[in-house]
Amino acid sequence: MGTTDEIVKAPEKGPVFMEDLPEEEQVVAVGHSAGLFNLGNTCYMNSTVQCLHSVPDLKYPHSGRSNELDQSFHLLTVATWDLFSELDKSVKAVAPMQFWTVCPYPLEF
């Protein structure tokens, strides 16, 4: 079995695997942002934050009230947006330290 046509040539450039790309190009190619460092027992918190980060239209409802509870939730919201911003800019893992420290409830999942 053969052909009288020209023999097929090997491609000039071989396949490039995702793992072989520099980290910056991997992020662009895959569309993922950086991950989060585990700060001890924060793996469930990290996975929840990363899931929330993937929601494109996540909005914070602002109320006109101002009390101690609202203030702590406002700090949490600001820390969340700061963390999301850091994740968007970074290709390396990010430590969610500010987010973890302003949480109004203990994060021991």
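How many disulfides does the structure hold? And in helix 2, which residues are buried?

A: The model is predicted, and the structure in it holds 0 disulfides. Cys43 has a relative accessibility of 41%, so it counts as partly exposed.

Now the part in question. Helix 2 covers residues 43-53, and its buried residues are Met45, Asn46, Val49 and His53. Looking down the helix axis, these buried residues fall within an arc of 100°, which means that they line one face of helix 2. The face turned away from that buried side carries the exposed residues Tyr44 and Cys51.

The protein has 4 helices and 0 strands, and from the N terminus on its elements run α-α-α-α. Of its 109 residues, 20% count as buried. The largest nonpolar core consists of 12 residues: Ala34, Leu36, Met45, Val49, Leu76, Ala79, Leu83, Phe84, Leu87, Val94, Phe99 and Cys103. Helix 2 and helix 3 (68-89) are the elements that give two or more residues to this core. Helix 3 supplies the largest share of the core, 5 residues. In soluble globular proteins, nonpolar side chains tend to be buried together.

Leaving aside neighbours within four places in sequence, Phe99 is in contact with Met45, Val49, Leu76, Ala79, Thr80 and Leu83. Met45 and Val49, among these partners of Phe99, are also among the buried residues of helix 2. For the protein as a whole, consider contacts with a separation of 6 or more: residues 24 or more positions apart account for 63% of them.

Side chains of opposite charge can pair when their charged atoms come close. The count of salt bridges is 1. Glu6 forms a salt bridge with Lys9, and the closest N and O atoms are 3.9 Å apart. Glu6 and Lys9 are both exposed.

How values were computed
Residues numbered from 1 in each chain as written. Predicted model: local features only at pLDDT ≥ 70, side-chain atom pairs only at ≥ 80, totals over all residues. Heavy atoms only, no water. Buried < 20%, exposed > 50% of the residue type's maximum accessible area, 1.4 Å probe, protein only. Arc of directions from axis to C-beta. Disulfide = S-S within 2.5 Å. Salt bridge = Lys/Arg side-chain N within 4 Å of Asp/Glu carboxyl O. Contact = heavy atoms within 4.5 Å. Core = buried A, V, L, I, M, F, W, Y, C linked by side-chain atoms within 4.5 Å.
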